Amino acid sequence: MLDIIHQSSFFEITALLVLATLIGLLGTYLRQPLIVCFIIVGLLAGPSVLDIVHSRDKIELLSELGIAILLFLVGIKLDVTLIRSIGPVSLLTGLGQVFFTSLIGYFIGIALGFDSTTSIYVAVALTFSSTIIIVKLLSDKREIDALHGQIALGFLIVQDLVVVFSMIVLAAIGMGSGQQDEPGDVVLKVAMSGVLLLGFVVLFIKYLANPLTVKLAKTPELLVVFALALATLFATIGKLVGLGMELGGLLAGIAVASTPVKESISSRLAPLRDFLLLFFFIALGATLDLSTLGNYLFEAVIFSLFVLVGNPLIVLAIMGALGYRKRTGFLAGLTVAQISEFSLIFIAMAVSLGHIQSDILGLVTLVGIITIASSTYMITYSHTLFRWCEPALGLFEKQTSSRESAASLATKKQYDVIVFGLGRFGTSIAKHLQKAGFAVLAVDFNPDVHEQAKAIGVHSIYGDVTDAEFVAELPLQGTQWIVVTIPTHHLGLVIEDTRKTIFELSKATGYSGRLAIVSHSQHETDKLKQAGIDLVLQPYSDASMRATELLLQGLAMKTSQQR
């Protein structure tokens, strides 16, 4: 069978795609991200197991294209307005986490017997977390707009900037290692190349980016071709001038980051990025000897435990010192409990420069498999994990959490109705009740919706309704109705019903008023009624009934006129 596969590069690619599909299906069943599946495919396809990969030049070409597009899509998210909006907490938390993770990771490496250079590289690799994985998991949980989700995205951007800086440094070192020039001359050449390329990017953004992309957007297929051309062109230039193809691809993304079509480009290239990254991990696996991975099994477990436990604790401590609740810090901290694909790219660059041994790439790969696989479950079941750990987390929270004191402001006033959830339905309910003369307080975990609520005169506060401490601070005494418009979240085999949590927490605080809960199916309605809920709201059913009443009135009026 292997002889047939090796007869043609096409047969090899076919075999790799079939293997990736099978491993991907298994990974989907286990709720694992594709990156873990791709790493495993690379290891299985390598010389130690199936030995499928023989067309190394072609695989390497696809791998380089994947890296260029990956960096291009990172750059496309780094426009000036986004960097400005990161905020002090994301900047301080991001830089603080990078610093302390690098420092502690370095000393762990020294303690495990690695030399200083290896320890530095491994420590820096441990600081990078996967933005792709975190965004996917938070989006699935509908927490991307929550306070901890926004802070996490902010310091992930900071990490991306650190990645960029690290790759610039490595590119400069790599340029100097292949030349006989003095170090000062090498640095000067790299700096001049960088300034010229950056200057071209600035001119492109100012004069060409918007009109060119708007013109190309009229033909979506051509826009994709243009984006690919730009990414590979900049990557090629970056490689030729010594800055590295990674930095070139990133600058290409920045060149179109301020254009109105950037989201369209990003969404269209994301599947291609994931496809081509498969070949990066295949190329990576082809260079690894599985028999040597066992040599660093103990070290990989130690580094993995540090990433899984130490990184979240570092973020938790920093955010606690900045005045955030332990819950917010804990949930944000879990997002850095893994290393990313950039960690492997960074270490691969160091190996190519001859700074560290190739078996260190195997060590970091093993850490990646362990941490990415484990952190996926940690983030998916973060609220349950917090409840288990909460008694031990008091050390990380100030007595007065100044950053999240909005709830205490609400306690100064009594309300007739408290609405949890400021979606379209919840906002409409709050608005109409307030117009009817009732005192209404709206609660939502998305800080942005409060600005929208203020614009229409609805009094709203930020709050995580699954936080027992937050619910205890709400002015529930004297409130006549609690209205819950937050939907059920399905997380694999687990159903996280926020409505049930609100019901239990409100009763635990002595709330004696009535409860109205939104349902989106007849099955849910029956269960809620059996649980003793006072009023079950069915938006689609109720709206259709009201629409039918209006239509019947119109038909009756028309019939009356005809008579």
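This is a predicted model: local features need pLDDT of at least 70, side-chain atom pairs count only at pLDDT 80 or more; totals for chains, interfaces and linings use all residues.

Which residues form a nonpolar patch on the surface, and about how much accessible area do they have together?

A: The nonpolar patch on the surface is formed by F99, F100, L103, I104 and F107. Together they have about 470 Å² of accessible area.

F99 sits in helix α6, which covers residues 87-111. Its relative accessibility is 49%. The cut-off for exposed is over 50%, and buried means under 20%. F99 therefore counts as partly exposed.

Now look at T101. T101 is also placed in helix α6. Its relative accessibility is 0%, so T101 counts as buried. The side chain of T101 has a polar partner: the side chain of N311, at 2.7 Å. N311 is also one of the residues in contact with T101 once neighbours within four places in sequence are left aside.

Next, the aromatic rings. The structure holds eleven aromatic pairs. One of them joins F128 and F346. Their ring centres are 5.8 Å apart, and the planes make an angle of 90 degrees, an edge-to-face pair. F128 lies in the loop between α7 (116-125) and α8 (131-140), while F346 lies in helix α17 (residues 341-352), so the pair ties together parts that are 218 residues apart in sequence. Both F128 and F346 are buried. There is also an aromatic cluster, made of F114, Y296 and F303.

Finally, the charges. Side chains of opposite charge can pair when their charged atoms come close. A search of the whole structure finds two salt bridges. One is between the side chains of R273 and D274, at 3.0 Å from N to O. R273 counts as buried because its relative accessibility is 13%. D274 has 25%, so D274 counts as partly exposed.

The other salt bridge joins R514 and D534, with the closest N and O atoms 4.0 Å apart. This pair links distant parts of the chain, 20 residues apart. R514 is in strand β7 (residues 514-518). D534 is in the loop between α25 (522-530) and β8 (535-537). R514 has a relative accessible area of 43%, so R514 is partly exposed. D534 is partly exposed too, with 40%.

How values were computed: Residues are numbered from 1 along each chain as its sequence is written. Side-chain values use heavy atoms; hydrogens and water are left out. Patches are made of residues with over 30% relative accessible area and no salt bridge: like charges are joined within 9 Å, nonpolar side chains (Val, Leu, Ile, Met, Phe, Trp, Tyr) within 5 Å. Accessible areas come from the Shrake-Rupley method with a 1.4 Å probe; for residues, only the protein chains shown count as cover. Helices (H or I, at least four residues) and strands (E, at least two) are DSSP runs, numbered from the N terminus. Buried means under 20% relative accessible area, exposed over 50%, partly exposed in between (1.4 Å probe, protein chains only). A polar contact is a pair of N or O atoms within 3.5 Å; within protein, one must be able to donate a hydrogen and the other to accept it, and residues adjacent in sequence count only if both atoms are side-chain atoms. Contact means heavy atoms within 4.5 Å. Rings of Phe, Tyr and Trp (its six-membered ring) pair if their centres lie within 6.5 Å; planes under 30 degrees apart count as stacked, over 60 as edge-to-face and the rest as tilted.
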